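Welcome, and thanks for taking a look at this one. Please have the sequence and the model open side by side before reading on.

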Amino acid sequence: MKEEYLWDKTGEDPEIEGLEKALQVFRYKETEPPALRSNVVAFKTKENQSRRVLFFGLAVAACIALAVLALGVWMQISNPQPKGEGLVETVVPKDGFASSDDLEIKEDETRKEMPIKPVAKIRRFAPSATQQNQARNSEIKLTKEEQYAYDQLMRALSITSSKLNLVKKKV
Amino acid sequence: MSESEMTGNIFFFANREAEATATAPVKETVVSTEARLVQSVCDGNQEAFAELYKLFAKMVHGVVLARVPRDEVDDIVQEVFLSAYKNLHMLRDQNAVGAWLAMIARNRTTEFYRRTKPTEELSEDLKHSDRPTTEAREILSAIRSLPEAYKETLVLRLVEGMSGPEIAERTGLKPESVRVNLHRGMKLLREKLGIKE
């Protein structure tokens, strides 16, 4: 057998030529392509693509909304705040002096040195839930196992970082 | 090593990665004739589909003939192309349309055996005017009994008369694989037919 004839039909090979001749009856006879009805066509690429993009966008938006909702619920459950605790009113002097709006000053007193009277009110928010959690966590003492796990994690991070440092230097 | 240093390292590499991605040259894609035809069909051009049919019908015929009775081949070939037409928009790599069609053809033949009840095939002589000789039927039967990869390549080569490079181009197989399949398939076929080298 000549390999070249089997591969690209160059040269001669009576054995393969004989097989080809015998099998010729099974060969594909040119036929018309299947009839296509316009209503069978199930695609219009651009429309499909835009629909896909729309669905993807909607899915992403829904995921984000769910995540935000879940976070809100979680924060509400893990850190319930009693009413009125959120805002703290602190009375501090405004530039060291009270503003004229906030003061009731009698006419004869105007000549006198204005007394330093802390009347301006500034509203500020109480520490957020995460800040409170952090503060609480810092007070918690770790158990031996937790401490061990923490140490291991820090060690792993340290090793990784030192490796990264080496690569960084090389780069 | 401090935590800030560690995070700094991580950010350094993350930024490098991002920069590399941003500055990477855009990979050039080679658009083949088949890909252009596929795009044209997707845009609603039915003539392009006829072109695609002409280009690949022989290959699909061979893939199907290697697996199912001769009488069923034409119907399955038509089914393959209809199915391809309906799902052409799902084809991701338009350059790989040949391999995709071959895969649809293989799936269709599997489906054919799943849905048909076992029946006794009529003698080929009764059904066709161009009666194949007993010898031809024996050879085809011997080819069909070979392992999957060999029988498909051999049918395309010996029945459909395609050359090795053409088989590789149409089926999406590597030319080396086609060459090996042809060589090993022929060796096994010769053993089956009792031909001595």
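Residues are numbered from 1 along each chain as its sequence is written, and chains are lettered from A and ligands numbered from 1 in the order in which they are written.

**Confidence.** The model has an ipTM of 0.72 and a pTM of 0.55. Where pLDDT is low, the predicted coordinates should not be read in detail.

**Chain B.** This chain contains 10 helices and 0 strands; these are DSSP runs numbered from the N terminus, helices being H or I of at least four residues and strands E of at least two. Of its 197 residues, 32% are buried, that is, 20 or more other C-beta atoms lie within 10 Å of their own, with C-beta atoms placed from the backbone.

**The contact between chains.** Chain A brings 31 residues to the contact and chain B brings 44 residues; two residues are in contact if their C-beta atoms, placed from the backbone, lie within 7 Å. On the side of chain A that touches chain B, α5(A) gives the most, with 7 residues.

| Item for α2(A) and α7(B) | Value |
|---|---|
| Angle between axes | about 105 degrees |
| Distance between axes | 9 Å |

Axes are lines fitted to C-alpha atoms over the stretch in contact, and angles run from 0 to 180 degrees between N-to-C directions. The two helices, α2(A) and α7(B), are therefore roughly perpendicular, a label for angles of 65 to 115 degrees. Leu19(A), Ala22(A) and Leu23(A) of α2(A) meet Glu135(B), Ala136(B), Ile139(B) and Leu140(B) of α7(B).

**Helix α9 of chain B.** In α9(B), residues 164–171, the buried residues are Gly164(B), Ile167(B), Arg170(B) and Thr171(B). Viewed down the axis of α9(B), they fall within an arc of 135 degrees, so they line one face of the helix; the arc is that of the directions from the helix axis to the C-beta atoms. These buried residues pack against α1 of chain A together with α3, α5, α8 and α10 of chain B. Just after α9(B), Gly172(B) has a positive phi of about 80 degrees.

Notes: This is a predicted model: local features need pLDDT of at least 70, side-chain atom pairs count only at pLDDT 80 or more; totals for chains, interfaces and linings use all residues. A residue is buried if 20 or more other C-beta atoms lie within 10 Å of its own, exposed if 12 or fewer, and partly exposed in between; C-beta atoms are placed from the backbone. Angles under 35 degrees count as roughly parallel, over 145 as roughly antiparallel, 65 to 115 as roughly perpendicular and the rest as oblique.
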